Amino acid sequence: MSDAAAPRDTATSGLDAVSGSGAQGGSGAGGRLAAGVEWRRLDRRTLLVTALVLCGVAAGGAVPAFLALSRGMAVWRALLLVAVGAVVLVLGGTGIDYVRWRRTRYRIGAERAELRTGLLLVKRRSLARERIRSVDLTANVLLRILGLVKVRIGTGEHTGGGESTLELDPVTRAEGERLRRELLRRAPEPGAAPEQDGEIAVLDPAWIRYAPVSFVAPLLGGAAVGAVMQVSEWFGVQSEVLDWMADLFRATPLVWVVLTLGAAALLAGVVGALALWVEMWWNYRLEREPGGTLRVRRGLLTARSLSIEERRLRGVELVEPLGVRLFRAARIDAIATGLVKEDDDKGSGHKSLLPAVPRAVADGVAARVLREPESPTGARLTAHPRAARTRRLRWSLAAALLPVPVPAVLGAVLDVSTLLYAAVACALVLLPAAVALAVDAYRNLGHGIGGGYLVARSGTVRRTTVALQRGGVIGWTVKQSYFQRRAGLLTLTATTAAGDGAYDVYDADESEGLRFAATAVPGLLEPFLERPE
């Protein structure tokens, strides 16, 4: 791979081999090289941020540590050990961060963005500027108070070890904005359509009504129950909590106990989902900037800024989780090259352009993002054969009946009527749900062409409608199992360099599916088709 196509990462032991890289005074100062490009330092207030964070960690761990130590020794001795441990943690961590700050430099040249760090093993990494695809800014509460941001510069390539990303943690907010504008500035392409800069979507507080119906709510409810039990164990009162609950529901039937506890956990989950939505999407704004860049800004406590070049946008994905879909709402995700989800950024919505909003609003935003008069996500889709419904019913019923034989057989062998009743209850509850989900999954199948986009829809618990640029498809994969061949069905997979890399059209009619693929991307599949004379 050529040097321009991949990041460069070199390491040298001992002193830095680059001249003019000694310690410089003040943030943003550095030694001038012969080419006149300046090496810069991170902001020195990173030491204050590290010290404050470690103080919080020490305070949070001091309470359970003190309670555990005080059971086996004198209180003053346990307190002394905890205090010494906290001081060592704060001073040691701040000292390590000081070394990192002293030995970290970066510079933005005409052709490359470079980062150098390390003490005994000095690493110098660089990214070719024409390969840079994203410059994202994030700032937690402490960074925002101090006017700092963390800058992540990436090429979007899937390489191991993070070599496709340079991270500057932290720099001033003004420096972060300067880097973002400079690194993402592109010359307009000849013959390009005039740009329509400005606001595309802005936060509507009424959208928060969709937060409680997401899958996050029950998960947070379960997490709240686990947190209560864990904290009570730290303080040594877990048995007292369980005894109090047993006394509270002593005269209550078991069914009502389960329903009450489930409702309490669900209520806690709803509150948590509302709080999480506010933290993630407050101050939301989607806009198009000069130079053809889409920018998403959002976040209450942790401010996030995601930039996507329109020239690497290949489409959008309209996502409708089951609870959100019941209220006729959907969210919009970007399908673009270079959107690599980092390991430490899981769950942050790295490709989300829009939270869950009314479906009509989502279609309108998708149309404006794609610069289309109408959103391709609303195009008419071709329904799939009934054989596809049969396949879904078969798989869904098999999955629903799978847990039933175990309690039934055990109940018959051990002569335990409770297990037999449990098997019957499972069958009565799971079978109707399985049939409903299978029928819904079949109704959601569809594919079609909307202008310059091929559209594919599938899913029931999480229904997705993918609008992918026909010119962004670089290959087709045709899959057909033995049972699909008997039913006259096949699965088409459109391969692209953007998004997830592959998007499926499940269980389409064999002849119609091949015609669709040939029409959507002319010239790609024809050499492999056999046409009747």
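A263 lies in helix α7 (residues 254-281), where helices (H or I, at least four residues) and strands (E, at least two) are DSSP runs numbered from the N terminus. With a relative accessible area of 44%, A263 is partly exposed; buried means under 20% relative accessible area, exposed over 50%, and partly exposed in between, with a 1.4 Å probe and protein chains only. The C-alpha atoms of A263 and G221 are separated by 9.4 Å, although these residues are 42 residues apart along the chain.

This is a predicted model, in which local features need pLDDT of at least 70 and side-chain atom pairs count only at pLDDT 80 or more, while totals for chains, interfaces and linings use all residues. Residues are numbered from 1 along each chain as its sequence is written, and side-chain values use heavy atoms, with hydrogens and water left out.

**Salt bridges**

A search of the whole structure finds 30 salt bridges, a salt bridge being a side-chain nitrogen of Lys or Arg within 4 Å of a carboxyl oxygen of Asp or Glu. Three of these pairs are set out below.

| Pair | N to O distance | Location |
|---|---|---|
| E182 and R178 | 2.7 Å | helix α4 (residues 173-184) |
| E320 and R463 | 2.9 Å | strand β12 (residues 313-321) and strand β17 (residues 462-469) |
| D440 and R325 | 3.0 Å | helix α12 (residues 417-443) and helix α8 (residues 322-326) |

E182 and R178 are separated by about one helical turn, because they are four residues apart in helix α4. E182 is buried, with a relative accessible area of 18%, whereas R178 counts as partly exposed at 28% relative accessibility.

The side chains of E320 and R463 meet in a salt bridge; E320 belongs to strand β12 and R463 to strand β17, so this pair ties together parts that are 143 residues apart in sequence. Both E320 and R463 are buried.

A salt bridge also joins the side chains of D440 and R325, and since D440 lies in helix α12 and R325 in helix α8, the pair ties together parts that are 115 residues apart in sequence. R325 is buried, with a relative accessible area of 14%. Salt bridges that share partners join R129, E175, R178 and E182 into one network.

**Surface patch**

Which residues make a nonpolar surface patch of about 530 Å²? The patch is made by V406, V409, L410, V413, L414 and V416; patches consist of residues with over 30% relative accessible area and no salt bridge, like charges being joined within 9 Å and nonpolar side chains (Val, Leu, Ile, Met, Phe, Trp, Tyr) within 5 Å. Accessible areas come from the Shrake-Rupley method with a 1.4 Å probe, and for residues only the protein chains shown count as cover.

The structure holds one cavity of 30 Å³ or more, a cavity being a set of points, on a 1 Å grid over the protein atoms alone, where a 1.4 Å probe fits but cannot get out, and lining residues having an atom within 4 Å of a point. The largest cavity has a volume of about 40 Å³, a volume being the space filled by probe spheres set on the points. Its lining comprises L454, V455, A456, V466, A494, Y503 and V505. The elements that give two or more residues to this lining are β16 (453-458) and β20 (502-509), and β16 gives the most, with three residues.

Key
1 Å grid on protein atoms, 1.4 Å probe; cavity = no way out; pocket = protein on both sides within 12 Å on 5 of 7 lines; lining within 4 Å.
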